[in-house]
Amino acid sequence: MSMRKRSGSGSKRHLKEKVVQIYESFFKGDDLTSDNPTFWDEFFLLKPKIPQLEAEIQKLTVDQLNNLKDNINLLVSQCIEMQGQEHHIRLVYALQTFSVILTTMYQRASQDPSINLKHVLLGENPNIKMQKLLEHCGSVLSGDVPDSLKSMVLKLLLIIATGFDNIDDNPLVEYLMSHSLFDPLIQLLCTSSERQHHGYDVVLLVMFLVNYKKQESANPYVVKLSILDDECALNGYGQVITAALNDFVMTTFGGMQASGGGWLSSLTSMVGGIFLTTDDTQPVVRGQRQSGTEEGMLLGLFAAAHLNRNFMTTLAHSSAASAPPSPPATLPPRQSPPNLAQIQALNNDQPTNLLVTFFQYCSIVMADTRTETSINKCSLCFITLTCIVEEQFANSIMHDQNLTFKVQLYRLPMRHRKIVPEEPPSQPLASTLIDLLIEFIMCHLLKKFPGDLYSLCVGVLLRLLSYQKRCRVRLSRDWRPLWAALIALLKFLVTNESVLLRKHNIFIMAQQVVNIFNLFITFGDTFLPTPASYDQLYYELIRMYLVFDNLFFMALRYSTGDGEFKAEALRLANCLVNVRAIVQHFSPKIDAWLASQHLSTPTEDQILEVVRKNYDSLILKLQEGLEGYERYNEKTHKALLSKLVRVAASYARARSDAATLTQHSAALLDHYTALA
């Protein structure tokens, strides 16, 4: 098919290129094939003009689209047929054309729900056409073909999966359920080179497909991800997420300017410049990237942690940061040099793994709860942590005294504390997680209280302590910062009860916190590292007795009234029985000892000595079930997860635009030209 020559005269209109003329004729309903049996072979040798093709589809009314369905069906069918061609140019241009048609038709269908997408695109026998397409896609993904071709196929599949914000409304995704591509997708994660080229798109695509109507039907991607036990594939999946979260931190906050040394040293060079603080100590994130850049990877991590117990081995799999970077993003300008006083440089050879990276990522994300976007990401981090700490094997990894890491967590500068540069201790990851939870608890005691996040945070802590109690694991650490953080939370709830009760049932949260203290009181001797730690617990309870007294009287006040919080307030008052018994038992003993010694201000050691000598006469009520919790149920956060999937879909759609497709097409054609 020859191209018409353009006019050489500047005074004459340039003639349209042949492919554009074909688009115009085709979408007018003209029959271009009956007198030309080689039409399609010739058509797919013409380089697609994406803007013109998009424009032709966009200008059609719904009635015109329906009237032209036979022509559109024919064009789509031929695009699919060409996927089986060995002619490289036809294959590439057919993929590009089909991707543009899909993208534009999804836009039209989103704007006008009356458009029957399946009817307009596929017409009769849609099952046969889509099965043929997906068979071709599977062959490419598992075949010995150029990476650019696999990338184009993955982009096509992502276009299908993300056509609508709500994947459940997408009529084409059902074909990906009946013809699963899980196996060829997962195999791309097993080799370093393919993982580097395709890993991000593979994890993203699997995540979307796992979320398709998973509450309503037997989703094959949910089933296969749940039972996947290929260690190589699982490690590859984890490495992709590790690299993507690393990339988020470094590129968003300027860490890529750090010289050499990988993720940990990069983090140390840039974290100081991440946040500004306002009067209420809430951080302001500088130059944050477009929403959606990392939600997809977080959802991918959540899906694996929630569904696949075998994935827990991946959490501790040491990585040399060999996984692929996440897709290019526009880097924000550096607005100020990094504040190196906050963080001391770490050894560049320090090993890392997915848990290390995830904890560091969480420490930055959890510092900001100012916007709905940041709260949603923070919620997903806590939900994922919940799934992790419910698993026996993950807990055994995190509590292994022989598996220690130096993990630099971000700490938010606040008025009441000065950040002193210090090298983090080499410790089990469970201790790092407790440090992370302490940091969150202490940094968000604001009138704009993120109560749901605190509930998730306390839930993670309870699960961690339950494992320690159940397995009699003694974590060597100073527990006093945790007790201080929990007491500070209780004090905040009491002080701000009238404001907080408008939005939060603070009695439930207070009971959760008090029961954590009850867990330490009742069973602490089985999992605290030393008898001295148990003594320190009693010292803190006695020293901060006013907080518990005020909490009790607040609960008593509401439990004796007729308000909506009566039942919860009564339960809170009842669960304070042992804390109050400790205070009431030891306070007179301490006062008597002080009088006998003629002292008014005892030292900590002196009080501890009184405590140790008077344990035998203390009577406590045995409380059972303190470590119990309901296992995480995804339905609890169905709305949140759906919202995050929509955000990720919107971002993925933007990454599968015309420019990206053209880039892959050019790379693929260059590859074939070089081989010729």
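## Charges over aromatic rings

A charge is taken to sit over a ring when NZ of Lys or CZ of Arg is within 6 Å of the ring centre and within 35 degrees of the ring normal. Arg-580 lies over the face of Phe-552, 3.8 Å from the ring centre, and Lys-469 lies over that of Phe-523, at 4.3 Å.

The model is predicted: local features need pLDDT of at least 70, side-chain atom pairs count only at pLDDT 80 or more, and totals for chains, interfaces and linings use all residues. Residues are numbered from 1 along each chain as its sequence is written, and side-chain values use heavy atoms, leaving out hydrogens and water.

## Aromatic pairs

The structure holds 28 aromatic pairs (rings of Phe, Tyr and Trp, the last by its six-membered ring, with centres within 6.5 Å; stacked under 30 degrees between planes, edge-to-face over 60, the rest tilted). Phe-507 and Phe-565 form a tilted pair, 5.8 Å centre to centre with 40° between the planes. Because Phe-507 lies in helix H25 (residues 506–527) and Phe-565 in the loop between helices H27 (545–559) and H28 (566–575), this pair ties together parts 58 residues apart in sequence. Phe-507 is buried at 0% relative accessibility, and Phe-565 is buried at 11% relative accessible area (buried: under 20%; exposed: over 50%; partly exposed: in between; 1.4 Å probe, protein chains only).

Ring pairs also link Tyr-23, Phe-26, Phe-27, Phe-39, Trp-40, Phe-43 and Phe-44 into a cluster.

## Helix H5

Ten of the 13 residues of H5 are buried, among them Ile-72, Leu-75 and Val-76. Helices (DSSP runs of H or I, at least four residues) that cover them include H1 (18–26), H6 (88–111) and H8 (126–142).

Terms used: Helices (H or I, at least four residues) and strands (E, at least two) are DSSP runs, numbered from the N terminus. Contact means heavy atoms within 4.5 Å.
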